[in-house]
Amino acid sequence: MSGEILAVNSGSSSLKFALFDAASTASPMAMQVRYRGQFSGLGSRARAELQAGFGTELNEEQDAALYDVPAALDHAGALERLLQWVEDNPALGDIRAVGHRIVHGGARYREPLRLNAESFAALEALNELAPLHQPHGLAPVRALIGLRPGLPQFACFDTAFHATQPAVAQTFPLPRRFREQGVIRYGFHGLSFDYVSRALSAERQRGQALPGGRVVIAHLGNGASLCALRDGKSVAATTGFTAVEGLMMGTRSGSLDPGLVLHLILHEGMSAEAVQRLLYKESGLLGVSGISGDMRELLASEAPEAAEAIALFVYRIVREIGSLAAALGGLDHFVFTAGIGERAAPIRAAVAQGCEWLGARLDDAANAANALDIAGPDSRLGLWVIPTDEERMIAWYTATELARRT
């Protein structure tokens, strides 16, 4: 299959994209990336970034059409520029299909899905379950329907990876009718966990590293969660019905006593909308520190409030690792990924110290260098840093589904 697969990962003010060769689909790792980039600051201070990949190179004159963006460029405008740039690029073929990261597939959608009017409407109905992500993930789909109505579009779901969890891990202790209505623990960051699990398997096979199929992956970024995997399959996760459960995050609270939420509504007089804003946008690292939700700023700060926020962040991670290790019946490997996981060596060191009871021993020099393997020679637990690649998984699932249907 010739041509390009466009993977899109859209946020509230950003649009990440990657172009992959549609012919290289034997596995996600085999897919050859042509270009990667992103539009950031959409709607206010827009700017574009671009990196060349396999068989391509940057061309200052040709790429000016992508870089020279008006400050108020929105998502639809960014997509239009991107499509036109691809079509005008002689090094690239036609876009065969577009894959989108869609956070929530609900109980119905557990496989990559070709989008049509019916499925789009069904996914829009899930907006309230992931209010920070679902509308923004669907916005490029709507824009492309208008820009290129004949272009096949596929949804790749973060929740789908967790469909392998046993019923006991998905069930809330509520009346049975709620489960029948789809009120279950779904889990999120699935595309990231999927890629990292495959990458870890490849590294273990190549280096014949520590054996064992019991793995916990820590996706630590502005959004954060842990996933327990056995032989590459999701067994349990810290996120649940929504992406606000689990770990403390950049601006999200993570798990709270539900009675506290009732207290805020019934006794503090907060509206449901105000509580939602508090839990999603005013809590987490930002709320505890009062400084920032950005871990880089907190690590650079000498304020005691920053140190308190970092300590709570690490404590919640270590505590949840214990829970997931129990669900797995032990732990063989622990993997750090995403922005904080890949680049914040002090956070990795603190987490590893908290996991010494599991046999974790860190190689300080390897950790400081953000190396792939950061376990010390006497560590009984494999410790890894593996950069995630959600766009690669989106492209692979999209190409695979397209080939299956043609």
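These legends accompany several close-up views of a predicted model.

Residues are numbered from 1 along each chain as its sequence is written, and side-chain values use heavy atoms, with hydrogens and water left out. Because the model is predicted, local features need pLDDT of at least 70 and side-chain atom pairs count only at pLDDT 80 or more, while totals for chains, interfaces and linings use all residues.

View A. Let us start with open space: the largest pocket has a volume of about 2,000 Å³. A pocket here is an open set of points on a 1 Å grid over the protein atoms alone, with protein on both sides within 12 Å along at least five of seven lines, and its lining residues have an atom within 4 Å of a point. Grid points are joined across faces, edges and corners, and the volume is the space filled by probe spheres set on the points. The lining of the largest pocket holds 48 residues, and S14, K16, Q38, G221 and N222 lie nearest the centre. Strands and helices both contribute: β1 (4-10), β2 (15-21), β3 (33-40), β4 (47-52), α9 (272-281), α11 (295-300), α13 (338-343) and α16 (390-405) are the elements that give two or more residues to this lining. Helices (H or I, at least four residues) and strands (E, at least two) are DSSP runs, numbered from the N terminus. With five residues, α13 gives the most to the lining of the largest pocket. By class, this lining has 13 nonpolar, 21 polar and 14 charged residues; Ala, Val, Leu, Ile, Met, Phe, Trp, Tyr, Cys and Pro count as nonpolar, Asp, Glu, Lys and Arg as charged, and the others, Gly among them, as polar.

**View B. The second largest pocket.** The second largest pocket contains about 920 Å³ of space. It is lined by 23 residues, with F241, T242, V244, P258 and V261 closest to the centre. Two or more residues of this lining come from each of α8 (258-266) and α9, and α9 gives the most, with five residues. The lining of the second largest pocket divides into 16 nonpolar, five polar and two charged residues.

View C. A search of the whole structure finds one cavity of 30 Å³ or more. In a cavity, a 1.4 Å probe fits but cannot get out. The largest cavity holds about 60 Å³ of space. Around this cavity you will find G106, Y109, R110, T159, A160, H162, A163, Q170, I184, R185 and Y186, which divide into five nonpolar, four polar and two charged residues.

**View D. Helix α12 against helix α14.** Helix α12 (residues 304-328) packs on helix α14 (residues 345-354) at an angle of about 45 degrees, with the axes 9 Å apart. Axes are lines fitted to C-alpha atoms, for helices over the stretch in contact, and angles run from 0 to 180 degrees between N-to-C directions. The two helices α12 and α14 are therefore oblique to each other; angles under 35 degrees count as roughly parallel, over 145 as roughly antiparallel, 65 to 115 as roughly perpendicular and the rest as oblique. The crossing of α12 past α14 is right-handed; a crossing is right-handed if the near helix is turned clockwise from the far one by less than a right angle, and left-handed if anticlockwise. On the α12 side, I310, F313, V314, I317, V318 and I321 meet I347, A350, V351 and G354 of α14, where contact means heavy atoms within 4.5 Å. This contact has nine nonpolar, one polar and no charged residues.

View E. Helix α3 (residues 117-124) and helix α4 (residues 134-147) cross at roughly 160 degrees, and their axes come within 10 Å. The pair α3 and α4 is therefore roughly antiparallel, with a left-handed crossing. F120, L123 and E124 of α3 make the contact with Q134, L138, V141 and R142 of α4. Helix α2 (residues 75-88) also packs with α4, at an angle of about 55 degrees and with axes 9 Å apart, which makes α2 oblique to α4. The passage of α2 by α4 is a right-handed crossing. Here A76, L79, E80 and L83 of α2 touch P140, A143, L144 and L147 of α4, a contact of seven nonpolar, no polar and one charged residues.
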